[in-house]
Amino acid sequence: TKHHLRGGFEIAGAFLNLFNKPESICAVRLTCPAADYWRQVLRYCADGCLPAVLDEYGHLAKEQHRTMEATMARLNETVNITATSVNVDSLDSFLHGQPHKMRCHYAVDFGNQKLETEAGQERATSIRENFNSPFRPFVLATTSIGQEGLDFHQYCRKIVHWNLPGNPIDLEQREGRINRYKGLVIRQEVARKYGSQLATGTGSDDPWVALFALADRAEREQRGKCELVPYWHVDAEHFKIERIIPLYPFSRDHGKLDSILKTLAIYRLAFGQPRQVELIEHLLAKDFSPDEITLIREKLMINLSPITYRRRT
């Protein structure tokens with residue numbers, strides 16, 4: 001239709017602007033040596049499977065925005081994110097009190113925006129939506145403001161804890177930001193398991209709809225699992241959420257990490273129970289080993305997943 005054609009031209013113009021930026025030119029030329037820049041761009045897009053990238057992002061964006069027009073507008077805004085700058089110090093600039101400004105294209109900070117202003121709110125929303133895309137920024141540095149109520153899962157499965165939280169609940173909250181509905185780790189595992197079974201004539205113009213339909217039949221209907229599978233959880237054999245904690249030698253964090261992980265395992269056992277704190281303290285006082293905690297969890301944990309009904313054959 002006319003609206004789709006106009007949207008296609010706008011997206012093409014957005015990619016044209018993206019590949020004409022100095023940082024994009026450097027990345028393309030370093031990756032794809034060729035005589036003409038436009039040939040380098042084509043090779044770069046082909047090597048990165050850009051059509052498949054757009055299929056995947058379009059599937060996620062369409063679920064959020066519902067209409068094709070809103071989806072194309074979101075893609076157009078994502079490709080054209082504006083850069084920001086941070087102050088950096090060298091020895092000379094520190095001594096003279098004149099910090100240098102460095103423009104950030106691929107890594108941005110989140111949580112330092114002035115959220116009480118309209119511009120600050122728009123910038124924070126733009127950063128969050130663009131991080132939840134296959135395009136830049138690829139690294140997001142956030143304060144504790146980003147650990148609750150915000151989702152960063154669509155294109156991220158690695159989290160770096162610069163410092164350990166004070167309690168296991170905060171650790172669970174942090175990692176829960178990248179372990180959500182149709183998150184990256186879930187899509188990667190679904191594609192690995194069922195991508196080879198995807199036929200060319202699926203009857204749908206969206207390959208991800210067909211992929212999740214395959215996973216739904218194999219994971220839930222055949223094995224009798226709840227409806228959270230495969231959209232919220234898939235039995236992971238290869239792709240998993242990666243926790244990265246930079247621990248310095250002889251740091252107190254070594255012992256703190258062991259304590260947090262043990263408490264976290266017990267917290268998951270007590271989740272949903274009345275007077276959780278007392279139960280956790282009681283179990284911690286017993287000083288169970290990890291194997292004993294696993295055995296207790298298997299025997300005492302109550303399955304609170306939604307009821308499923310098997311189909312009669």
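1. Let's start with the lining of the largest cavity: Ile-81, Thr-82, Ala-83, Cys-104, His-105, Val-108, Arg-123 and Arg-136 line it. A cavity here is a set of points, on a 1 Å grid over the protein atoms alone, where a 1.4 Å probe fits but cannot get out, and lining residues have an atom within 4 Å of a point. The volume of this largest cavity is about 40 Å³, where volume is the space filled by probe spheres set on the points, with grid points joined across faces, edges and corners. By class, its lining has 4 nonpolar, 2 polar and 2 charged residues. In this scheme Ala, Val, Leu, Ile, Met, Phe, Trp, Tyr, Cys and Pro are nonpolar, Asp, Glu, Lys and Arg are charged, and the others, Gly among them, are polar. The count comes to 1 cavity of 30 Å³ or more.

2. A word on the model before you go further. This is a predicted model, in which local features need pLDDT of at least 70 and side-chain atom pairs count only at pLDDT 80 or more, while totals for chains, interfaces and linings use all residues. Residues are numbered from 1 along each chain as its sequence is written, and side-chain values use heavy atoms, with hydrogens and water left out.

3. For the overall picture, the protein has 13 helices and 6 strands; these are DSSP runs numbered from the N terminus, with helices being H or I of at least four residues and strands E of at least two. Of its 313 residues, 34% count as buried, meaning under 20% relative accessible area, with exposed over 50% and partly exposed in between (1.4 Å probe, protein chains only). Among contacts with a separation of 6 or more, 59% come from residues 24 or more positions apart, a contact being heavy atoms within 4.5 Å.

4. Next, the second largest pocket, with a volume of about 610 Å³. Of the 21 residues lining this pocket, the closest to its centre are Leu-140, Ala-141, Thr-142, Ile-159 and Val-160. The elements giving two or more residues to the lining are β4 (139-142) and β5 (158-160), and β4 supplies the largest share, 4 residues. A pocket is an open set of points with protein on both sides within 12 Å along at least five of seven lines. The lining divides into 11 nonpolar, 7 polar and 3 charged residues.

5. Do have a look at helices α2 (residues 22-31) and α3 (residues 37-47), whose axes come within 9 Å and cross at roughly 80 degrees. That makes α2 roughly perpendicular to α3, a label for angles of 65 to 115 degrees. Axes are lines fitted to C-alpha atoms, for helices over the stretch in contact, and angles run from 0 to 180 degrees between N-to-C directions. Ser-24, Ile-25, Ala-27, Val-28, Arg-29 and Thr-31 in α2 meet Tyr-37, Gln-40, Val-41 and Tyr-44 in α3.

6. Asn-20 sits in the loop between α1 (2-19) and α2. Asn-20 is partly exposed, with a relative accessible area of 47%. Asn-20 and Tyr-37 are 17 residues apart in sequence and 9.9 Å apart in space, C-alpha to C-alpha.

7. Lys-193, in α9 (residues 184-194), counts as buried at 15% relative accessibility. Not counting residues up to four places away in sequence, Lys-193 touches Glu-219, Val-234, Asp-235 and Glu-237. Glu-69, in α5 (residues 68-79), is partly exposed at 40%. Leaving aside neighbours within four places in sequence, Glu-69 is in contact with His-3 and His-4.

Technical notes:
Parallel < 35°, antiparallel > 145°, perpendicular 65-115°, else oblique.
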